[in-house]
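Colleague: Please put the model on the screen. I would like to go through it by question and answer.

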Amino acid sequence: MTSEEEFNRARENESYRQPFLDSINLESEARFVHKVIYNSNQKYSSFMDENVPTIMRCKLRPLEIFGRVWLPSFRRADIYVFPIAFTEAIPNINSFLNNLIDHEGFHAKQLFFNPWLALGDGAMLELDAYWNQMISSEKRGLDDNWRQIIAGKCSRVIDPFAI
Ligand SMILES: [Zn+2]
C-alpha cells in the first residue's frame, strides 16, 4: 500500500515522482496499464475547457506496423501524471489513487476493450470514469468534499448537453 509519507516525499522532491509512480500497485486495473509516466511539462487542455490544468491523462500507445501507425490497437495504455497532481489540487494519497486507478486506470480498461472509443468525443468515457471514481471514493475513505470536486468536474462534461 502506498503511503501518505511517500506521496509527500514525491510532492516535495520532483526527482522522486517517477520512482513513486513506479511503486504504486494499480490493483485490478494493472493489467490494462503499460506504464505510469511523470511528465514535468504541465498541460492545460482538458475536456471542454482549455484553461484547466490537466492532472492526469490516459493515452493509448500507437501501434506501429511496417513503420505506419495504426488505430485502433488492443494494447495497454500509458497514464501521464502532470505536476499539478503533486499540489493541493490532490489533497492526499487516497485522492491521488482515486484519480490514478479509479479514473485513469478505468480509462485504460475502457480503451483496452474498445480502443475505437478514443476516436470519439470522449463524453461517454468521461461520464463512466467519473461515475467509477465516485463509487470507488468511499472504499478509499474519501469524504463528501472530495466527491463534490469530482461532481464539479463531471458537470463540465454534462453541461454542454444541458437545456
Ligand atoms: Zn477522464
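Colleague: Which residue in S5 stands opposite Tyr38?

Modeller: This is a predicted model, in which local features need pLDDT of at least 70 and side-chain atom pairs count only at pLDDT 80 or more, while totals for chains, interfaces and linings use all residues. Residues are numbered from 1 along each chain as its sequence is written. Helices (H or I, at least four residues) and strands (E, at least two) are DSSP runs, numbered from the N terminus. In S5, the residue opposite Tyr38 is Val81.

Colleague: Which residue has Val81 in S5 as its bridge partner?

Modeller: S2 (residues 56-59) and S5 (residues 77-81) pair in the antiparallel sense over 4 bridges; strands pair if DSSP finds at least two bridges between them. The residue whose bridge partner in S5 is Val81 is Met56.

Colleague: In what order do the 3 strands of the open sheet stand?

Modeller: S1 and S5 run parallel and are joined by 5 bridges, whereas S2 and S5 are antiparallel. The pairing of this open sheet is mixed. The order is S1-S5-S2.

Colleague: What is the average twist from one strand to the next?

Modeller: Axes are lines fitted to C-alpha atoms, for helices over the stretch in contact, and angles run from 0 to 180 degrees between N-to-C directions. From one strand to the next, the twist averages 20°.

Colleague: Which residues form the covered face of S2?

Modeller: In a regular strand the side chains alternate between the two faces of the sheet. Arg57 and Lys59 make up the uncovered face of S2. The covered face holds Met56 and Cys58.

Colleague: At what angle does H3 run to S2?

Modeller: H3 lies across S1, S2 and S5. Relative to S2, the helix runs at about 20°.

Colleague: On which residue is the kink in H3 centred?

Modeller: H3 has 21 residues and spans 28 Å from first to last C-alpha, close to the expected 30 Å, which is 1.5 Å times one less than the number of residues. A bend is the angle between axes fitted to the seven residues ending at a residue and the seven starting there. The kink in H3, of about 25°, is centred on Gly105.

Colleague: How many residues of H3 are buried?

Modeller: A residue is buried if 20 or more other C-beta atoms (placed from the backbone) lie within 10 Å of its own, exposed if 12 or fewer, and partly exposed in between. H3 is largely enclosed by the rest of the structure, because the buried residues number 17 of the 21.

Colleague: Why does Leu111 count as buried?

Modeller: Leu111 lies in H3 (residues 93-113). Beyond four places in sequence, its contacts (C-beta atoms, placed from the backbone, within 7 Å) are Cys58, Leu60, Ala77, Leu117 and Ala118. Leu60 is 51 residues away in sequence but 7.3 Å away in space, C-alpha to C-alpha. Leu111 is buried because the number of other C-beta atoms within 10 Å is 23.

Colleague: With which residues is Lys109 in contact, leaving aside neighbours within four places in sequence?

Modeller: Lys109 is also placed in H3, and it is buried, with 20 other C-beta atoms within 10 Å. Arg76 is 33 residues from Lys109 in sequence and 8.2 Å from it in space, C-alpha to C-alpha. The contacts of Lys109 beyond four places are Glu29 and Phe32.

How values were computed:
Contact = placed C-beta atoms within 7 Å.
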